[in-house]
Amino acid sequence: MTQSHPRISKAVIPAAGLGTRFLPATKATPKEMLPVVDKPAIQYVVEEAVAAGLSDVLMITGRNKRPLEDHFDRNYELESALTRKGDGERLSKVQESSDLATMHYVRQGDPRGLGHAVLCAAPHVGDQPFAVLLGDDLIDPRDPLLARMIEVQEREGGSVVALMEVEPEQIHLYGCAAVDGATDGDVVRVTGLVEKPDPAEAPSNLAIIGRYVLGPEIFGILRRTEPGRGGEIQLTDALQMLAENEDAGGPVHGVVFKGRRYDTGDRGDYLRAIVRLACEREDLGPDFRTWLRSYVSEEL
């Protein structure tokens, strides 16, 4: 008989990073607010959580992150101005972000890594499983990764990580998973994890991408996790402990994702994400694709 596990209702979005790779743009603007076409990257992430049924969203923020809160709040002056102009289309877009979800915020006063950021969510999450979404990874809504992960966690319990095959020489940029064979098509059992391994020592080419569904036991593990790579508390290290000891709150499963993912954490990939998404827009795509073909042919 399949065991039933508590329904997941809360999402946690760590957003306290400094965004140093995008300086000077992020000197005064949070990296999560950089536009991807005409929406800030963070809005795509919140929309993904809501589409998966998670309307209670906790954002882990830090200094200079107030624009994140403002974006998901009402702006009565702007709404009033658009109403007076009769600009219903833009008014709807402005109100969309404030109506998406029930938003909560807590500051990560001491930036000590992703594991520490997740630990900051413990008072809000309590003893229920929850999802973690990193803002650097945008998942195409046509490929519902998070919903699949929630389904696996509710069936199997423990924790679930998102995995994606990468070129072996790129694995040092990611956390990496050692896995047993597939248990249900795209689902694998994770037997070990290592943060940014040397390619020669990596147990696989399965990289951990920025989606997790975690059991509440992760908090106790994180409280006991010593700083690891970079002097930070690594979520990967805590998950490794769960993978090694199922009695501590495991098992750990992975969902191998083969869909469309846009990496906005790297400048080059950020630009490619904008081009891809703009090309697929009904309102922008036709003219933009025509210009792009012309530009590429002229440059080549």
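Biologist: Which helix do aspartate 70 and arginine 66 lie in?
Modeller: Both of them lie in helix H2 (residues 66–71), four residues apart, which is about one turn of the helix; helices here are DSSP runs of H or I with at least four residues, strands are E runs of at least two, and both are numbered from the N terminus. This is a predicted model, in which local features need pLDDT of at least 70 and side-chain atom pairs count only at pLDDT 80 or more, while totals for chains, interfaces and linings use all residues. Residues are numbered from 1 along each chain as its sequence is written, and side-chain values use heavy atoms, with hydrogens and water left out.

Biologist: And how far apart are the closest N and O atoms of aspartate 70 and arginine 66?
Modeller: They are 3.3 Å apart, and the two residues form a salt bridge, meaning a side-chain nitrogen of Lys or Arg within 4 Å of a carboxyl oxygen of Asp or Glu. Arginine 66 counts as exposed at 55% relative accessibility, and aspartate 70 as partly exposed at 42%, where buried means under 20% relative accessible area, exposed over 50%, and partly exposed in between (1.4 Å probe, protein chains only).

Biologist: How many salt bridges does a search of the whole structure find?
Modeller: It finds 21 salt bridges. One of them joins the side chains of aspartate 38 and arginine 281, at 3.0 Å from N to O. Aspartate 38 is in the loop between strand E2 (35–36) and strand E3 (39–40), and arginine 281 is in the loop between helix H10 (267–280) and H11, so this pair ties together parts that are 243 residues apart in sequence.

Biologist: What about arginine 211 and glutamate 48, are they buried or exposed?
Modeller: Arginine 211 counts as buried at 1% relative accessibility, and glutamate 48 is buried too, with a relative accessible area of 13%. Their side chains meet in a salt bridge of 2.7 Å, N to O, and this pair links distant parts of the chain, with arginine 211 in strand E11 (residues 206–214) and glutamate 48 in helix H1 (residues 41–51), 163 residues apart.

Biologist: Which residues are linked in a network of salt bridges?
Modeller: Arg148, Glu151, Arg155, Glu156 and Asp186 are linked in that way.

Biologist: Switching topic, where is valine 252 found?
Modeller: Valine 252 is in strand E12 (residues 252–256), and with a relative accessible area of 1% it is buried. Beyond its neighbours within four places in sequence, valine 252 has contacts (heavy atoms within 4.5 Å) with residues including Ser159, Val161, Leu239 and Leu242. The C-alpha atoms of valine 252 and threonine 191 are separated by 7.5 Å, although the two residues are 61 residues apart along the chain.

Biologist: Last topic, which residues make the nonpolar surface patch?
Modeller: Trp291, Tyr295 and Val296 make a nonpolar surface patch of about 310 Å². Patches are made of residues with over 30% relative accessible area and no salt bridge, with like charges joined within 9 Å and nonpolar side chains (Val, Leu, Ile, Met, Phe, Trp, Tyr) within 5 Å, and accessible areas come from the Shrake-Rupley method with a 1.4 Å probe, only the protein chains shown counting as cover for residues. Valine 296 has its place in helix H11 (residues 285–299) and counts as partly exposed, at 38% relative accessibility.
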